[in-house]
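Here is a short briefing on one protein model. Look at the strands and the charged side chains as you read.

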Amino acid sequence: MNNFSSSHFPLRSQKGKEEEKGQEQAEERARFEWDFSLSAVVSSSPAAAVSDALGATELDPSGDLLATGGIARKIRVYCLSSLLQNQYDQGGAALLDHATACDYYMCTPAKLSSLRWKPGSGGRVIGSSDYDGVVMEYDLERRVPVFERDEHGGRRVWSMDYSRWDPVVGASGSDDGTMQMWDPRCEGGVCIATVRPSGSSSPVCCVEFSPFGGGLIAVGCADRRAYGYDVRKMGAPVMVLEGHQKTVTYVRFLDHRTVVTSGTDGCLKMWDAEDQRLIRTYKGHVNRKRFVGLSVWRSGELLGCGSEDNQVFVYDKRWAEPIWVNRFEQVGRAGGQHGFVSSVSWRQVGEGGCTLVAGGSDGVLQVFVGKRRPF
């Protein structure tokens, strides 16, 4: 019996300590694996009277075009390369004005909550959802609206997205408690399916089709849950993710079986979508009541989000704590309310380097470039 008692437990304890130390070293290395620098700051004139809070920053699939939208009722389109060129002042980053930095803009009839580039349009068509409950599409070459859908009873549409298959279908989530799928080829967007994820009609805050094929669409709700539906059979959800303590504001696909959610409980959570298992919880940013953005860089396996203390956070999917944090410095305007980072977007192209765009509640757009450090 002596061979199985005191002589073995110290060895097991030592092995556990070594594994814990190895994990800490790996996590510490991850913190220094990436070197981020500020490339450009784009802001509005201090004399601008209209609030310019950015609710959406969206890079097109090619990584060449950046679109922003928000409270100012404008869609601005930028050529990303012009924001990344070497125009530095003494602070090290290019300081630009929205009026001169953007290639062009379009006025919209309402405040915007989300933007999505339409697949297969070659960066020509972009979709939007707004505070008046309307989903629209705009032809950016002709600078005109080409599609309008008003089927959420005038309730705010928080999010919209497009499928990645042909023919393309759209989806939108609203304060009316529904997620609706519709056909943008038809005038007014014929409804294909409607689901009400929460029995209490809690607002639908986010919708996203899986970009990896298949028929899965994910939905985030104010009832603290995220749901997944098979678009071929839209009755009951095939996935229910429970773990957030407050509203689920964003759902993003990291890969074909991994989903990341964000909530106003101040957490990001990564899930195995197949067995609906929580893999990891990420904490560090502040998020109690606002939409602060969530974006995933799939090839680099990095997560980006904003924070109500006006900082940008980057997490490596392997570690629960952030690997990089950067504060948004107030530009141009003194006083006023304390700002927060309200939207983020990763450029999905590139392997050894990355680009992260973040927008603030004060209308400031900041562009960061990350490079992997050699070891």
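Strand 4 (residues 74–79) and strand 6 run antiparallel and are joined by four bridges. Across this pairing, Val-77 stands opposite Tyr-104 of strand 6. Keep in mind that the model is predicted.

**A second open sheet**

- Another open sheet has four strands in the order 23-24-25-26.
- Its pairing is antiparallel.
- Strand 23 (294–297) and strand 26 (324–327) form the edges, and each pairs on one side only.
- From one strand to the next, the twist averages 15°.
- Strand 25 (residues 311–316) pairs with strand 26 over four bridges, in the antiparallel sense.
- Within that pair, Val-314 has Trp-324 of strand 26 as its bridge partner.

- Strand 13 (residues 179–183) and strand 14 (residues 190–195) run antiparallel, with five bridges between them.
- Gln-180 stands opposite Thr-194, which belongs to strand 14.

- How many salt bridges does a search of the whole structure find? The search finds 24.
- One of them joins Asp-52 and Arg-76, with the closest N and O atoms 3.3 Å apart.
- Asp-52 sits in the loop between strand 1 (34–43) and strand 2, while Arg-76 is in strand 4.
- These two residues are 24 residues apart, and the pair links distant parts of the chain.
- Are Asp-52 and Arg-76 buried or exposed? Both Asp-52 and Arg-76 are buried.

- Arg-298 forms a salt bridge with Glu-208, and their closest N and O atoms are 3.9 Å apart.
- Arg-298 lies in the loop between strand 23 and strand 24 (302–305), and Glu-208 lies in strand 15 (residues 204–209), so the pair ties together parts that are 90 residues apart in sequence.
- Arg-298 is partly exposed, because its relative accessible area is 25%.
- Glu-208 counts as buried, because its relative accessibility is 3%.
- Lys-317 and Glu-301 also meet through their side chains, in a salt bridge of 3.3 Å from N to O.
- Lys-317 is in the loop between strand 25 and strand 26, and Glu-301 is in the loop between strand 23 and strand 24, so this pair ties together parts that are 16 residues apart in sequence.
- Glu-301 counts as partly exposed, because its relative accessibility is 33%.

**A network of charges**

- Which residues are linked in a network of salt bridges? They are Glu-58, Arg-116, Asp-161, Arg-164, Glu-208, Arg-252 and Arg-298.
- Find Arg-298 and Glu-208 in this network. They are the salt-bridge partners whose closest N and O atoms are 3.9 Å apart.

Technical notes. Residues numbered from 1 in each chain as written. Predicted model: local features only at pLDDT ≥ 70, side-chain atom pairs only at ≥ 80, totals over all residues. Heavy atoms only, no water. Pairing = 2+ DSSP bridges. Axes fitted to C-alpha atoms, helices over the stretch in contact; angles between N-to-C directions. Salt bridge = Lys/Arg side-chain N within 4 Å of Asp/Glu carboxyl O. Buried < 20%, exposed > 50% of the residue type's maximum accessible area, 1.4 Å probe, protein only.
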